[in-house]
Amino acid sequence: MKSVVFILSPSYSGSTMLGLILGSHSQCEWVGEFSKLKKYNAQAKTYSQAKSVNFCRFCKPGTCTLYLDCNTYEKISERFKGKLLIDTSKKAGWVEKNKKVVHSVIYIDRPHADITASFAKRGIFRKDMAERLRRSKSTRLKVAKKFPHMTVGYKDICNSDGIERVCAFLGLKYEPEMKKFWLKKHHGVGNVNLINGIVDGSIREIRKA
Ligand SMILES: [Zn+2]
């Protein structure tokens, strides 16, 4: 049974990118937003229907069988190599529900004004956004503190020093190649733009900040 590194953060905080970078380490595999798997599985009534659901955005629909018939970390552990699984479900409740498999928790602390701007860029305006973000941060940090945890800044994800620090915290030897996360064949649950960019080849290099 492998242990799981849970990444906690609000949306638009870089969790998928950090997940993919860590998942590109030779000892790790990224499983995406594993918490969504149950919902996806529930939508499919039969085995063949489940097979056609595109759990994994990296594989063509129906071709990725890694997540088929699989909604526990125990099962997915048998299907992946490496010693750590990286989960970017982002939710505090999901970590608590799976406390038996927690290796550690990483909280990404992106300034709330920047997160709000990212939402706005996509035309999403939520009522009481500042208050929501404050509350969710305190909930996530409360859960993170129950386990070995570290906080990283949004900008740390984009530089070697930041990733080196995360590796040291996880007990992993830093591998410079892991930053080229688009070169590894990943399999992960979720549906995010970053993955679309890798799949269609438009993401080839991390742009300089
Ligand atoms: Zn796949």
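**Talking through a predicted fold**

Trainee: Which residue is the bridge partner of serine 3 in β3?
Mentor: Keep in mind that this is a predicted model. Strand β1 covers residues 3-8, and five bridges join β1 to β3, residues 84-90, with the two running parallel. In β3, serine 3 has as its bridge partner leucine 84.

Trainee: What is the order of the five strands in the open sheet?
Mentor: Put together with β5, the pairing is parallel and the order is β2-β3-β1-β4-β5.

Trainee: Which strands stand at the edges, with one side left without a neighbour in the sheet?
Mentor: The open sheet is ordered β2-β3-β1-β4-β5. Each edge strand has a single partner strand, so one side of it has no neighbour in the sheet; the two are β2 (28-32) and β5 (149-153).

Trainee: What does the twist average from one strand to the next?
Mentor: We're still on the open sheet of five strands with parallel pairing. Going from one strand to the next, the twist averages 25°.

Trainee: Is strand β1 largely enclosed or largely in the open?
Mentor: Count the buried residues: β1 has six residues, and five of them are buried. For comparison, 30% of the chain's 209 residues count as buried. With five of six buried, β1 is therefore, by the rest of the structure, largely enclosed.

Trainee: How many of the 10 residues of helix α6 are buried?
Mentor: Helix α6 spans residues 112-121 and lies largely in the open. Just after α6, glycine 123 takes a positive phi of about 75°. Helix α6 lies in the open because its number of buried residues is zero.

Trainee: At about what angle does helix α8 run to β5?
Mentor: Helix α8 is residues 160-170, and it lies across β1, β3, β4 and β5. Relative to β5, helix α8 runs at about 175°.

Trainee: Does serine 77 count as buried, partly exposed or exposed?
Mentor: Serine 77 is in helix α4, residues 73-79. A residue needs 20 or more C-beta neighbours within 10 Å to be buried. Serine 77 has 19 inside 10 Å, so it counts as partly exposed.

Trainee: How far apart in space are serine 77 and serine 3, C-alpha to C-alpha?
Mentor: Leaving out neighbours within four places in sequence, serine 77 is in contact with Met1 and Lys2. Serine 77 and serine 3 are 74 residues apart in sequence, yet their C-alpha to C-alpha distance is 8.5 Å.

Trainee: How far apart in space are lysine 185 and glutamate 29?
Mentor: Lysine 185 is in the loop between α8 and α9 (193-199). Lysine 185 counts as exposed because it has 7 C-beta neighbours inside 10 Å. In sequence, lysine 185 and glutamate 29 are 156 residues apart; in space, C-alpha to C-alpha, the figure is 9.9 Å.

Conventions
Residues are numbered from 1 along each chain as its sequence is written. This is a predicted model: local features need pLDDT of at least 70, side-chain atom pairs count only at pLDDT 80 or more; totals for chains, interfaces and linings use all residues. A residue is buried if 20 or more other C-beta atoms lie within 10 Å of its own, exposed if 12 or fewer, and partly exposed in between; C-beta atoms are placed from the backbone. Helices (H or I, at least four residues) and strands (E, at least two) are DSSP runs, numbered from the N terminus. Two strands pair if DSSP finds at least two bridges between them. Axes are lines fitted to C-alpha atoms, for helices over the stretch in contact, and angles run from 0 to 180 degrees between N-to-C directions. Two residues are in contact if their C-beta atoms, placed from the backbone, lie within 7 Å.
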